Amino acid sequence: MSEQQNYTRKDFASDQEVKWCPGCGDYSILASIQSVCAKLGHKKEDVCFISGIGCSSRLPYYMNTYGMHTIHGRAIAVASGLKIHNPKLSVWVATGDGDAMSIGGNHFIHAIRRNIGLKIVIFNNEIYGLTKGQYSPTSRQGLVTKSSPYGTIERPFSAAALAIGSGATFFARTIDSDPKHMQDILLRAHQHRGMAIVEVLQNCVIFNDGAHSIFTDKTLRDETTMRIEHGKAMIFGTKQNKGIRLTAGSDPNPEVVTLGEDGISSKDLLVHDERKQSTFLANLLTTFNQPTHPLPLGVFRAIERETYEECLEAQTQLIASHRKERSMQDLLLSGETWMID
Amino acid sequence: MRTIDNAIIRFSGDSGDGMQLVGTLFSSTSAVMGNDISTFPDYPSEIRAPSGTIAGVSGFQVNIGSLPVLTPGDEPDILVAMNPAALKANLSSIKKGGVIVLNSDAFDSVGLSKAGYSENPIGTKELADYQVIEAPITTQTLEILKESSLEQKAKLRCKNFYALGIIYFMYGRDLDITINWLKTTFKDRHELFSANVSVLKAGHNFGETLEASISTFRVSKAKLEPGRYRHINGNSAVAYGLMQAAECAGLPLFLGSYPITPASEILHELSKYKQLGVKTFQAEDEISAICASIGAAYGGALAVTTTSGPGLSLKSEALGLALMMELPLVIVDVQRGGPSTGLPTKSEQSDLNLAMYGRHGEAPLVILAASSPKDCFYMAFEAARLALLHMSPVILLTDGYIANGAEAWKIPYEGEFPPIPTRLITPQEGDDPANFQSYLRDPITLSRPWAVPGMKGYEHRIGGLEKRETTGGVCYDGANHERMGMLREEKVNRISAHIPLQEIEGERSGNLLVVSWGGTYGATHLAVKQLRQEGVCVSLVHLKYLNPFPQNLEEIFKGFKKILVAEINFGQLKNILNYKYACNAIGFNVMQARPFKVSELVTAIKEHAGNNL
């Protein structure tokens, strides 16, 4: 794993022609993933990309690594089996909002609960793209789509709240329009011990164009989003003069304040701590969204906890140390047996 | 004391009465004493149905013999009935003239009314055909334990050992084997150990005291092949067979499974053997279970998933993926009564159509069926061998009857099993991985090579989309799709050259051929054997390879005027055979939540043989 390799992004690009729609946010995610793969410190043959079904799930075909393009919603289950079988591998899952949180929702929450060392990248475009435009479990209420001509009446999932509620040890959010940020986050995900979930806000140029435009528009984004960093106060705004303060009293609420107004200084602001075992702060961050709060981008939560495969290995060692059987013959001859002459 | 060839004993009581336990102990004592045995646990799906009711009756039947025993038997010679409900539920199946050992204490007004008796059947015409032994099991148990410090509830729980003691007396069984078992089981709870031993001995003494009025029997040692033996039930046998295969293939074993009756015991068993390189993953659902196994198969494991009917339905889509990706995968389906939740604890053979046809697209895969509890070991091994050699999913069908039923099994010796070849790539010096093609087929088997993550230079992608022939790249071309479909089918067909030819019991031609498959072998074999001894011209073909069929099957069929397919469904194999061979097979079908009775097969076969005599 630690063997130094001199890879470049190109080493991870397969010979397949990339077939996403021109202008799709997936191109940027692919490029970032390929760049990050060159920096993993893993040998290329130890890297695997597993996907389900959807636009996002074509990604393994474009990666010159081992990979599997499986069936709708099941990538995390397939990847779990592969990772448990061979924990040395760096196993990544490329999935979408529908694949991970609708048809594959059960696998998503249970893999998180187990803290299996998978790196899950959710391409969240808030729409079903490959089936040509139906609302997804992250579509905002009221969105008009082919299957909701009068606007969807359903409320969306927050990937962040779902992951943190399931016990995620690592959750981060990034955005397709900022490859630098995305690569930093992907590398952090790789370095995390156990399962890491990265939500990438991704634009579907055909069926939900502009879904994230208030977060990507150059004139708006500094006001609508907030970069969160461990140990730093929660500050945002074009002039970096706004922040989040928790109101005093028995029912504390996060409020947007302006630095310098009413004597407010950065000392009054919430300080981000991604390493807290308590999920209070991470959960609070999942509630931040427009129009009331800036949308947080960055690592919400990154805590240390033993992984599934570490626990399995430890248990196996322990059992092997006090059980006698070393072969099938030992096993079949153990317990109650008798001779017939 | 009368010497008999075999004895069929049924222990029956409330599902909390410990009947499965004493049945198992009686079986193992008999096996250790040299009898051949076959057992049939029969229990309700409710863990504790209302006590004393017919719904809560749990039974355990065992057939012990001085000759090889192939089934748990049709009609018990002896019934142990711990309460009126147990008597009522079983009376019609007891052999006329048989013995009924009753717990007379349970035949009070409450017990009788719970079982739906308006009057006490003891002493009435209803039981006139049987030798009834009334034993006050409850009061005797409490009397013996009056000095014990155990609570009343714990004392009452010992009463199954009283019944066991009586049966041990009747069959001259050695108590020490059971006493040793109790010693190990209750090694830290001496009070429980001594209570159960006292009650067991008291039951035995009860028999001795009544010696004059109680039948006793001798079942001599069976002439079994010499060697070391152990008990095995079908589910454990599947687990061991898979582990044996993993050892012979030099691969780690991976099981992805979700608990389901009656297959869970395979998961339980395999989860004990981490020290032998077995990894078990209890998934969040059936789909995850098979998908995790597919992931492990891609990674180079001998991958397995185990389930029962409803689970196999859920796994259909993933099965299609496994066969499209041409990965080795073993799927064990322990069949139960369907459709839907059906009869979870009862046995049936009604998943054959699902195994054969239950996927979208042209999606053939290999199907095997085990014929007895111990055969589950060999067929699980065989399923793994074929999956690894042919890079295909293989479904192994067993059923609740052989999964829970147990037999005495001669332990195979080390080295009995040859190494299992796999399609794993073994890079040679001078090989250029750049020439690797993930769907370059072996010219004989048509199976593709198996390159797994970690092998340098063999990085490749596979998936559910159609592949280009040889290269394995995604391909939407129609002609290529048709060719790949034919190759997938031909690959499975060619496996017929790698499986044994079909054996036949009896003449190779004649008027009537009985065809059976899977877990019914004991009954169909005995029925045909009995009829042949009576001079009836009939032969038997018992199938264990269902897709592809053995190469000589069609030839065998041509030798017979009439083919009778006996199966516990509405004719699934019969229809497949007629479709494939146009052999005009007719069916004998019973689907009553129980195994075949030899007697009903004899009657049916005779009827068909008669038409041609």
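The questions below go from whole chains to single residues.

Author: This is a predicted model, where local features need pLDDT of at least 70, side-chain atom pairs count only at pLDDT 80 or more, and totals for chains, interfaces and linings use all residues. Residues are numbered from 1 along each chain as its sequence is written, chains are lettered from A and ligands numbered from 1 in the order in which they are written, and side-chain values use heavy atoms, with hydrogens and water left out.

Reader: How many helices and strands does chain B have?
Author: Helices (H or I, at least four residues) and strands (E, at least two) are DSSP runs, numbered from the N terminus. For chain B the tally is 21 helices and 22 strands.

Reader: What is the radius of gyration of chain B?
Author: The radius is taken over C-alpha atoms, and the globule rule is 2.2 Å times the number of residues to the power 0.38. For 613 residues, a compact globule would come out near 25 Å. Chain B agrees with that, at 27 Å.

Reader: What share of chain B is buried?
Author: Buried means under 20% relative accessible area, exposed over 50%, and partly exposed in between (1.4 Å probe, protein chains only). Chain B has 613 residues, and the buried share is 62%.

Reader: Which domains make up chain B?
Author: Domain bounds come from an automatic or database domain assignment. Chain B is divided into domain 1 (2-219), domain 2 (230-410), domain 3 (433-498) and domain 4 (510-610).

Reader: How many residues of domain 3 of chain B are in contact with domain 4 of chain B?
Author: Contact means heavy atoms within 4.5 Å. The C-alpha centres of these two domains of chain B, domain 3 and domain 4, lie 38 Å apart. Four residues of domain 4 of chain B take part, and from domain 3 of chain B the number is five.

Reader: How far apart are the mean positions of the positive and negative charges of chain B?
Author: Lys and Arg count as positive and Asp and Glu as negative; His and the chain ends are not counted. Each charge is placed at NZ of Lys, CZ of Arg, CG of Asp or CD of Glu. Chain B has 56 positive and 63 negative charges, and their mean positions are separated by 1 Å.

Reader: What share of the residues of chain A is buried?
Author: Chain A has 11 helices and 12 strands. Its C-alpha trace spans about 95 × 50 × 45 Å along the principal axes. Of the 341 residues of chain A, the buried share is 55%.

Reader: Is N125(A) buried or exposed?
Author: N125(A) sits in the loop between strand 4 (118-124) and helix 5 (159-165) of chain A. Leaving out residues up to four places away in sequence, N125(A) touches D97(A), Q202(A), C204(A), N208(A), A211(A) and H212(A). The relative accessible area of N125(A) is 7%, so N125(A) is buried.

Reader: Where in chain A does N208(A) lie?
Author: N208(A) counts as buried because its relative accessibility is 9%. Beyond four places in sequence, its contacts include N125(A), E126(A) and L143(A). N208(A) lies in the loop between strand 6 (196-201) and helix 7 (213-216) of chain A.

Reader: Which residues does G73(B) touch?
Author: G73(B) is in the loop between strand 4 (57-65) and strand 5 (78-81) of chain B. Residues up to four places away in sequence are not counted here. The contacts of G73(B) are I8(B), Q61(B) and N63(B).

Reader: What is omega for the cis peptide bond from G338(B) to P339(B)?
Author: P339(B) lies in the loop between strand 13 (329-335) and helix 14 (352-357) of chain B. The cis bond from G338(B) to P339(B) has omega near -5°.

Reader: What is omega for the cis peptide bond that joins N547(B) and P548(B)?
Author: P548(B) is in the loop between strand 20 (545-547) and helix 19 (553-558) of chain B. For the cis bond joining N547(B) and P548(B), omega is about -5°.

Reader: What is phi of N584(B)?
Author: N584(B) is in the loop between helix 20 (572-581) and strand 22 (586-589) of chain B. N584(B) counts as exposed because its relative accessibility is 68%. Phi is positive in this residue other than glycine: for N584(B), near 55°.
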